[in-house]
Amino acid sequence: MAADTTKPFYVTTPIYYVNDKPHIGHAYSTVAADVLARYARLRGRPTRFLTGTDEHGQKIEERAKELGEDPAEFVDRMSPPFKEAFEQLNCSFDDYIRTTEARHESEVQELWQMLEASGDIYLGEYEGWYSVADEAFITETEYEELDEVTKKKVKRVAEPSYFFKLSAYGEKLLEFYEAHPDFVQPAGRFNEVKAFVKGGLRDLSISRTSFTWGVPVPGDEKHVMYVWLDALTNYISALGGPADPGASPLYDKFWGEGAEQVHIVGKDILRFHAVYWPAFLLSAGITPPTRVWAHGWLTINGEKMSKRLGNFIPPKPLVDAFGVDVVRYYLMREVGFGQDGDFAHKHVLARYNGELANGLGNLLNRMVTSIVRKQLDGKVPEPGEPTEDEKQLLLTAQRAATEAAKHMDDVQPHRALEKIWELVGATNRYVDQTAPWALAKNGETEKLGRVAYTVLEALRWVSVMIAPFMPDKAKGLREQLGLDDLAVTEGTDHWPEAWGELPVGTQTQPGDPLFPRLHPKEQAKLFAGFGLGPDGEKLPAEGDAPAEAKTKTKKAKKSKKAEPLPEGCIAFDQFLAVELRVGLVRSAEPVEGSDKLLKLAIDLGEEKPRQVVAGIRKHYAPDDLVDKRVVVVANLAPRKIFGLESQGMVLAASTDDAFSVLTVEAEIPPGTRAS
């Protein structure tokens with residue numbers, strides 16, 4: 001599991017086009033890169049993290065003209081908000097590059113001359129379609145596939161142009177792909193790239209004369225470079241490259257032999273990074289990057305981000321409302337990296353309540369603030385001799401650390417968090433099973449010390465593994481354990497491996513809850529700040545009738561034409577009245593005096609788990625249900641069962657020979673409505 005602490009790691013985001021303001025999509029890419037950079041540093045690797053802004057092109061020139069500004073003034077005004085947004089997200093970038101900087105422009109011109117020296121640039125005439133919005137050339141076939149609205153935004157251009165002999169690189173690229181099977185991730189996107197190249201490549205226009213806002217072509221300043229040749233070069237220009245060996249230490253270190261480079265990009269710009277960029281580099285005799293990771297798109301509360309809907313959410317209001325580490329956690333936890341996903345405010349709180357407050361926060365609070373402070377003078381006790389329970393938790397910790405590290409190495413942060421939270425869940429169950437409060441009450445001091453040490457050591461492991469995702473919360477967790485913040489240094493691997501390194505006698509420092517519980521009124525107020533209803537759902541647009549009035553109107557209309565329902569059927573409105581929600585079983589225990597009933601604590605994304613009594617004891621051992629996602633009838637009136645109030649019903653199916661609780665396979669947040 002030990003990392004190669006000598007292997008340099010270089011991670012980059014796309015450089016963001018400054019024609020608009022930063023939003024949650026930019027935050028997603030940048031937080032992902034930051035998590036990878038922090039993880040690499042934690043493993044002791046030499047690490048460099050680059051982000052920045054793309055500031056040339058026809059779109060910028062036209063937008064500045066619309067606003068009556070000089071393009072240079074426009075980009076000087078538009079770039080700083082991106083840097084500020086990433087700082088607000090606690091992103092630890094080592095460099096922030098702007099393509100209008102002299103250090104970049106000189107290196108772009110150097111790369112041009114290298115392509116020219118390879119015989120891969122020639123002067124010709126370009127005539128065809130050009131999308132100013134995407135700063136991309138459009139083939140006739142691609143043009144015909146556009147919708148009518150988009151077609152109106154595409155221009156027909158005819159002008160002198162320098163071309164890059166991309167057609168000569170089809171076989172070379174396919175050979176490179178074959179030799180580097182992990183070059184593009186995820187694999188499905190790599191297949192799309194290969195299919196595009198196999199379909200035949202056309203020479204690429206790499207200069208323009210119809211506008212002037214760009215890097216001048218060396219030796220022919222009537223032309224400015226194609227914005228993508230300009231932009232892509234930032235990945236090496238920020239290192240002082242291209243350069244001869246010894247001329248630029250950063251370039252030698254992070255783009256030299258033995259280094260690893262990872263480009264994080266959106267799927268919409270994959271072709272530029274996986275086809276054009278490696279072709280340019282191969283022409284110049286430069287090794288292409290190790291990997292290009294193309295993530296999916298985010299929708300907002302189920303809707304596509306658009307100016308019309310006004311849902312381009314800037315990062316700062318989210319940080320102010322939820323806290324920076326909660327936003328970072330949610331972005332990396334909610335969506336499978338590489339897939340499309342949705343940013344939903346109600347799901348942020350569902351994750352917060354279920355996994356952070358009720359999971360990790362409650363575990364820390366009940367051990368450090370309650371048991372250790374009150375029963376052990378606030379000090380880390382002797383670990384004692386481990387029993388089978390402690391050995392099993394150790395195995396869980398080792399498995400979580402090993403698998404989380406593998407997922408981070410594979411750029412799968414969501415799966416790494418899944419494994420880390422398996423340890424959090426297992427430690428919570430360990431506390432429930434060993435009942436330290438009962439041990440304290442019964443005076444079983446030795447057992448209490450063993451249990452407390454085991455939980456504190458598990459929390460120490462968690463504090464290290466969550467540091468790339470939630471650096472501030474990791475620091476706060478370690479402070480309450482009485483530990484210093486992690487001091488990362490090159491050559492030292494800090495990833496947890498050895499159990500029992502928490503020093504006995506350490507004075508813990510109980511503090512404020514790591515993740516304070518939010519009262520429903522607080523949650524409703526938070527949602528209201530984003531123009532959402534108290535349940536986090538979108539409010540009706542102004543002028544729309546209230547949902548209740550609409551329902552009544554629909555019912556009234558239907559009643560006039562209502563036809564009798566077929567026998568045995570219910571109306572759709574009757575079905576909607578049943579509120580089915582995904583619940584996460586936090587604990588399960590037998591009901592004393594009954595051989596049929598189990599008492600379950602089920603997290604429905606609310607302030608605290610619900611108590612549900614279920615007649616399933618003959619089919620399930622209590623431990624078999626913990627951490628399962630089940631379907632709960634959430635609006636069933638509470639009723640007493642065997643003297644206990646049951647606040648819902650768990651759905652199940654059975655035959656004469658089989659019985660099964662209905663479960664949800666995917667990592668759906670607790671409280672999500674099923675339909």
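## Terms and model

Two strands pair if DSSP finds at least two bridges between them. Helices (H or I, at least four residues) and strands (E, at least two) are DSSP runs, numbered from the N terminus.

This is a predicted model, where local features need pLDDT of at least 70, side-chain atom pairs count only at pLDDT 80 or more, and totals for chains, interfaces and linings use all residues. Residues are numbered from 1 along each chain as its sequence is written, and side-chain values use heavy atoms, with hydrogens and water left out.

Strand β15 (residues 298-300) runs parallel to β17, and 3 bridges link the two. Threonine 299 faces aspartate 342 in β17.

These strands belong to an open sheet of 3 strands, ordered β16-β15-β17, with mixed pairing. At the edges lie β16 (303-304) and β17 (341-343), and each pairs on one side only.

## A covered strand

Is β13 (residues 260-266) mostly covered or mostly open? Mostly covered: 7 of its 7 residues are buried. Buried means under 20% relative accessible area, exposed over 50%, and partly exposed in between (1.4 Å probe, protein chains only). On one side sit Glu260, Val262, Ile264 and Gly266. On the other sit Gln261, His263 and Val265.

Strand β13 has parallel partners. Strand β1 (residues 9-12) joins β13 over 4 bridges, with tyrosine 10 as the bridge partner of glutamine 261. Strand β14 (residues 291-295) joins β13 through 5 bridges. Here glycine 266 stands opposite histidine 295.

## Backbone exceptions

Most residues other than glycine have a negative phi, and most peptide bonds are trans. This model has exceptions to look for. The bond between glutamine 185 and proline 186 is cis, with omega about -5 degrees. Proline 186 lies in the loop between β8 (184-185) and α9 (187-198). Proline 242 lies in the loop between α11 (234-237) and α12 (249-254).

Now take phi. Alanine 435 has a positive phi of about 45 degrees. Its loop runs between α18 (413-434) and α19 (436-441). Alanine 435 counts as buried because its relative accessibility is 17%. Aspartate 627 has a positive phi near 75 degrees, and sits in the loop between α25 (622-625) and β21 (629-633). Aspartate 627 has a relative accessible area of 32%, so it is partly exposed.

## A loop aspartate

Aspartate 485 lies in the loop between α21 (471-480) and α22 (520-528). Why does aspartate 485 count as partly exposed? Because its relative accessibility is 43%.
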